[in-house]
Amino acid sequence: MTSTVVIAPLLVALGTAILALLTRRVPRLQRALSVAGAGAYVVGVAVLVRAVRLDPDGRLVYRVSNWDGPFGIVLIADPLSTLMLALAAVVSLVAAVYSVRFVGREGQRLSYHALYHLMVVGVTGALLTGDVFNLFVWFEVMLMSSYVLVAFASDSDATRAALQYAVLNLLGSAVMLLAIGGLYATTGTLNMADMARRLADPTAFGIDPAPVLGLSALLLVVFLLKAGVMPFQFWVPDAYRAAPAPVTAVLAGVVKKVGVYAVVRLYFTVFAAAPLTVSLPGISGGPELGFLAFFGPVLFLMATASAILGGLGAIDQPDMEGLLAYSSIAQIGFIMLPLAVAATAAAPAVRTVGIAAALVYSVNHGLAKSLLFLAVGAAEDAIGSTRLSDLGGLTEVAPVLSGAFLIGALSLVGIPPLTGFFAKLLVFDTAVRAGAPLALAVALAGAILTIAYVTRAWNNAFWGSPGSRVHAAATAARTGRDDGPAVADGGHADAADDAHGTAGDDLATVASIADPVLVGCTLSLAVLLVALGIGFDPLYAAATDAAAAALDTEAYVRAVDPAIAGDAIADGGGTGGDQDVAEQLRALRGDGR
Amino acid sequence: MAELVLALALGTLFAIGTFLVLRRDIVRVVWGVAIISQAANLFLVTMGFGLTGDPAADAPVLTAGEGAMYADPLVQALVLTAIVIGFGTTAFALVLSYRVYEENGTIDLVDLASSPFEGPAARAGEARADGGEPTADDGRSEVADRPAADDAADGGDH
């Protein structure tokens, strides 16, 4: 159904970014607008989620400038994109509130809030668009602001990390353009639904589906680069270390998931429609698998490498941010694993469970990893370091923060009442249902590694006796020297160093060294993880709906334009044929209203 | 014929771009990225042509003369968008490489990579230990000289 609600989140985020730019000279107003905008974004997404639920087809379409289906750009909200949008909305609201406290006056002068909301605009657009080239544009919007945000601290580390991040992603963009150009030349369309329709019946449209396999493989590289899956993970640790904590939370929690979303949308909805038999040695790909028979094993290898090597890397990191960054690589392996299994499983039930598992895991990882990055940011803000050797005994000086961190960490591990338990359970369930012992072994090994690095982080940073820096920060907090707005560039480290000499022993009298607003933000995510775990049913239902929507190519095509779903219209080729199609579409849409 | 010329042009551009991206000098890497994205744009334009050798199907730029021919306008719109985006990102990458030079005192990627990640604690406290010899390779003398020369020039500017 056609609806303008689809662009509500997009407009809200864009409006907030523009307002944040306009109010640059009034920092207080800008901060208020930033938080209000993030709140309004949540409302916009909630309205959209509700509208999609109420829609009989479960799909809402917005036609840009009212151009019809394959000719103009369409934005489509279906259960898959709204689930991802909901995750983006929650994480970006919490991170926006966190940013108000975390980013100092200097950072604000450098348009932090405007950039932040522009990044959200890019994410929203990428999740909603139904056009392959438009997806490229939204990716660029998202990446442009994230380049600046990664370089935000603009010290030697941040500039270096940003250069690496920017160069890799610029190359990725070039590859994406190549793939899109090739896809256009091969299939004659950029509209995802139209492409799926044409690929489903290649002979009728005179398409040779074979080149699409290579082109979609190129495209996969780009999405996996965004998601930070193993052979394309180089930028992850440095970028996550360099970016300010709330930005890292959004990068790890939301921007990564856009890559996952794109894989699900394009490979399971669009390319899966092509009836091309691909066979790899050792893999029995039937015609019902199509392209996925090729992408399944490839994704499986990458997911395995991510889960195992990312986990091993996380165990070895000297600092919390590095540990969490490698953990992100490992967890993205857990998200890709059920997708790989789903790709090689012919049974639709297994496919649905596999995609649902990947989506639930994405939500779990999005919330938990943002929580952990925000918690580490709050600790860094108070102590001035995230090195494990500098930390220790945080439970004594920051009990609430430690509690929130523990919940996030346990959710990553997968302890029963939390969301992470069900996410892991679904991953294992997928492997068992598909009868894939190898996938099961990988998931198990990855889970064990998760326990190892989470335990290491907890033992070194939160338990034990407080390190000297923690001591100094605690004393400074007690004597009230550590007041004032938090500064992103580690300005607190100086205060902590000054107070070092007078470190007292009675740490117990200190309630918390961490900033209450920052702690509150992390705590809210922790509460959400517990709540979603206890009341898991709505999330599971949403994920299953999303998985079903992702697999239902026909409904997707029908939603974009009722006329083109029918096989009656052959490709006219000439202008006259196109006009006929357009008129027919217009007539059909007139009936629909 | 047109097919061959375009294919050769694309191949050359990608080869130059790839060669530059693999250099140790940041500025050359950025140039390489810019050239590769221009090559992608060129590729995109060619995707709008029939490239069949049949003048009616090919683009006007390839077969001048007949007036009734149209190239696919969509790819041209795509390329315009891509050029604008590429312009912005290249400008940003160039500014960023200058900033990298300001902060790290080098534009040599091997030197950059060999200085370990410091973290905020180390930044606030200890002096930076600039360990890690640049690995020996053919381009070494050429690249190794540059930071010193640039340092001198930079000192004059400030």
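Student: How many helices and strands does chain A have?
Tutor: Chain A has 26 helices and two strands. Both are DSSP runs numbered from the N terminus: helices are H or I with at least four residues, strands are E with at least two. This is a predicted model, where local features need pLDDT of at least 70, side-chain atom pairs count only at pLDDT 80 or more, and totals for chains, interfaces and linings use all residues. Residues are numbered from 1 along each chain as its sequence is written, chains are lettered from A and ligands numbered from 1 in the order in which they are written, and side-chain values use heavy atoms, with hydrogens and water left out.

Student: OK, what share of chain A is buried?
Tutor: Buried residues make up 63% of its 593 residues. Buried means under 20% relative accessible area, exposed is over 50%, and partly exposed is in between (1.4 Å probe, protein chains only).

Student: What does UniProt say about chain A?
Tutor: An unreviewed UniProt entry places the feature "domain: NADH:quinone oxidoreductase/Mrp antiporter transmembrane" at residues 130-271 and 297-449 of chain A. UniProt positions are in the numbering used here, feature names are shortened, and annotations may be inferred rather than shown by experiment.

Student: What are those two spans made of?
Tutor: Residues 130-271 of chain A are 82% helix and 0% strand, with end C-alpha atoms 14 Å apart. For residues 297-449 of chain A, the figures are 84% helix and 0% strand, and the end C-alpha atoms lie 23 Å apart.

Student: Switching to helix 11 of chain A: why call it largely enclosed?
Tutor: Because seven of the eight residues of helix 11 (residues 235-242) of chain A are buried. The buried ones are W235(A), V236(A), P237(A), A239(A), Y240(A), R241(A) and A242(A).

Student: Which helices do they pack against?
Tutor: In chain A, those buried residues pack against helix 6 (132-150), helix 7 (156-187), helix 10 (210-227), helix 12 (245-270), helix 14 (320-344) and helix 15 (348-383). A contact here means heavy atoms within 4.5 Å.

Student: How do helices 17 and 22 of chain A cross?
Tutor: The axes of helix 17 (residues 399-413) and helix 22 (residues 516-534) of chain A come within 9 Å and cross at roughly 35°. Axes are lines fitted to C-alpha atoms, for helices over the stretch in contact, with angles from 0 to 180 degrees between N-to-C directions.

Student: Which residues make that contact?
Tutor: Helix 17 of chain A contributes V400(A), L401(A), A404(A), I407(A), G408(A) and S411(A), while helix 22 of chain A brings V519(A), T522(A), L523(A), A526(A), L529(A) and V530(A).

Student: What about S411(A), buried or exposed?
Tutor: S411(A) counts as buried, at 0% relative accessibility. Leaving out residues up to four places away in sequence, S411(A) touches N364(A), A368(A), L418(A), T419(A), G420(A) and L529(A).
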